[in-house]
Amino acid sequence: MVRMKLFLKLGRDIKQSIGQFIAFVLVIAVGAFFYAGLVTYSDNLSAYTEAYFKEHHISDLNVYYSQIPQNDVAALSKVEGIQKIEGRYTFDATQSFDGFKASIKIHSIPLENEINTPTMIEGRIPSKKEEILLDSHYAKEHDYRVGDQVTLRANEKDFTFTISGMGENVEHAKKNEIQDHKAYGIAYISEAAIPEIVGVFTYNEIMIEAKEGYDIDLLGKSIEAQSKQLPYVGQISKERTFSYSKISETIHNNKLMSKVIPFVLFLIVAIILFLTMSRMIDSQRNQVGIMKALGVKNRSIMLHYMGYPVLAGIIGSVIGCVAAVLVFIPLVTASSARAYSLPGITYSLSIYSFLPPMIFSSAFGILACYLSGRSVLKERAAQAMRPKPPKQMKKLWIERVPGIWNRISYSYKLILRNIFLNKQKAIASSIGIVVSTVLLITAFGTQTALLKVANQIEDVYTYDLRVDYAVGTATDAVKAPFGIKNSFPLATYPVEFIKDAEKEKATLIVTEKENNLIHFFDENESRISLEDSGVLIPKSYADKYQIVAGDSIKIKFVAPELKNQSVDMKVLHISTQYSNPSFYSTPAYLKSFDIDYRPTSLLVEADSFVDRISVRSFYEQALHVETITDKNDLKKSAEYILKQNSFVFIMFIISAVILSFGAIYTISSINIYERTRELATLKVLGYQKNKINRLIFFENIILTTFAVIVALPISGYVYSIVVKALSSSHQQIPDQINVFVMLVSVILAYVLTILSNLLLRRKVTNINMIESLKSVE
């Protein structure tokens, strides 16, 4: 009977402050939404890729040669630590379409393929020399079907193949930065086609599956030692391959975000819960006294108040997880499909995802109830039913300044006295607003940074076309057409950046220092230029490896014709490059290391838009031209990054707004509830309704102002953590918060404060003066 009455009282308490309860539930729902969504994405992707890589035997080590006969591959299989070994021939080809050329990486594949086995979507593995297996995404982009014919160009020859099947391969789950399936594809041909391509049957790459637990670095050294008599080029472990490293990086970042973001959100929940429950119990101490006088046990009273956060936690967690299923999971599924080729992957919310938000929010609420209620429950019933004696008020520091206090109106004196009388409560109230403001600034700042990444393309690259020549073609061998205003050759070298024991793939671009079609900027956005005395390196590498101008760095050329030559280069400048960061130097500096400068591309600036069309048409018909790209192709990379991340940050912004509103509304609601007697007294003394509302409004504005001042420096630190998590050596994110972003976030914090006050005006109007002022019997 007592439990039923306590349950009815809980319902009445919720009904009396339904707006506060809803705000409370929304705050918990936001935390549950992000927790369930991020954990589902991270866990499902991690579990799928682990099983996928194991099932299809992704190679642990790839070793490259100029060429290696089949019998030498068999001899290498005896090296200690090798479980399986397979040879193959890999080369690049192009396919021409109306207006552009697509690049295709082609591997040979044996019929008894055991390493990097493909997932067949349709058809079968090629068994004849005229058959080819295309990756299904590339085939879909170009409307190919099994049985269709494709003509590819490689080694300055055209080859026609019949499509035997379509599939996806574990080694190419991530093709390139923007996962462009239209311009870039993967294909597999039978070993019988190798003599048709090369002229002889040979391999140029071997794939190795190591014995479980065997040291890959040790195995790599053994292979290199055994390859001294062979035309050895280099090797790359599974962890350093583009596809595997990108997926691993995504899983790592998502696991980090799935812990950090929900932790921050639940921290806000904990703060609001503690404020709510402590003030609710404190304001109902007379009711606690009455319950004790009626014989209700302390445990039952405590459980009664604990029911409030537990109920809010259950409802909020269910709403948040359901929203994650309906909104977050579909968006993540679409994002994952754009980012990776992972056949059959699905994202489904586990039933256990509901539990952590419920447990965390309920635990915080229960703890808050215990800490707040134990002092009241220790009091005797008669003592608890009496109102608390008023706090002794000391003189404020402002009262000690002659002439200022007397000039302040009575209303503002009330505000200042209330804040300083309850300093702890004012500070606690501000904490929720501080965290919410930090979230707003971080969310808006990160979204703005991604936009800046996309927009930098316009400032850096001012050429109209980039013409890439076929291998072995000299740039001066191709006659320049009419209509060119400016042109500069450049050479692109695949290199390896070496720092102590760490190695990382990079690109070195060599061009003349007079080249004004590419602009470089330092971290202060000031122009810098190339010189013949050093190399210009991206800030993303400089930050990761702690490099400054004047340092010396080691670069290893991995192109076969340069025979793994390593050189020490002087760092001339640190360049801010948000997209496609590369190392830059001049031909003169390259020649100082006795390396020949052989341009492979030409940057072209046309006289006019009409000339640009005719110039592009000329190069498209040129025999020695491999590919032609323009600035729009560069924009795709930045836009892809923006598209991949924008939905998360849009949801983050919306969630930050909900959290801010929930925190401000809850705190304001509690403030009014606590001061019911004081506000009723003001009404009796003749204060108008608008004047009382203005009193509460200005008090909340003061608290918000204090919170904003504290939040600004904190937000810079939090933003730097987020940027660090998103950035890598291959992707730089601006690490400075825009002043405009801060201004917008601060304005939004004030707007939410004003909105909360407007919604709470009715609560002030409904204060019953007689009931609020009558003495406790």
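Leaving aside neighbours within four places in sequence, serine 42 touches Ile251, Asn254 and Lys255, where a contact means heavy atoms within 4.5 Å. The residue sits in helix α2, which covers residues 18–55. Helices here (H or I, at least four residues) and strands (E, at least two) are DSSP runs, numbered from the N terminus. Because its relative accessibility is 1%, serine 42 counts as buried; the cut-offs are under 20% relative accessible area for buried, over 50% for exposed, and partly exposed in between, using a 1.4 Å probe and protein chains only.

A word on the model itself. It is a predicted one, with local features needing pLDDT of at least 70 and side-chain atom pairs counting only at pLDDT 80 or more, while totals for chains, interfaces and linings use all residues. Residues are numbered from 1 along each chain as its sequence is written, and side-chain values use heavy atoms, with hydrogens and water left out.

Taken as a whole, the protein chain has 22 helices and 22 strands. Of its 777 residues, 53% are buried. Among contacts with a separation of 6 or more, 82% are between residues 24 or more positions apart. The accessible surface comes to about 37400 Å², with carbon and sulfur atoms accounting for 58%; the areas come from the Shrake-Rupley method with a 1.4 Å probe, and for residues only the protein chains shown count as cover.

An unreviewed UniProt entry lists several transmembrane regions, including residues 21–41, 260–281, 302–329 and 739–760. Such positions follow the numbering used here, feature names are shortened, and annotations may be inferred rather than shown by experiment. In the model, residues 260–281 are 100% helix, with end C-alpha atoms 31 Å apart. Residues 302–329 are also 100% helix, and here the end C-alpha atoms lie 39 Å apart.

Helix α6 (residues 216–226) buries Ile216, Leu219, Gly220 and Ile223. These fall within an arc of 100° down the axis of α6, so they too line one face. Asp217 and Lys221 are exposed on the face turned away. The cover over the buried residues of α6 includes β1 (61–68), β2 (82–88), β10 (203–210) and β11 (232–237).

Then there is strand β13 (residues 484–499), which runs antiparallel to β21 (residues 601–606) with 6 bridges joining them. Strands count as paired if DSSP finds at least two bridges between them. Proline 489 has leucine 602 of β21 as its bridge partner. With β14 (residues 502–511), β13 makes 10 antiparallel bridges, and threonine 492 is partnered by isoleucine 509. The hairpin of β13 and β14 has 2 residues between the strands, and aspartate 500 there takes a positive phi near 55°. Strand β18 (residues 552–557) also pairs with β13 in the antiparallel sense, over 4 bridges, with glutamate 496 opposite lysine 556.

Key: The arc is that of the directions from the helix axis to the C-beta atoms.
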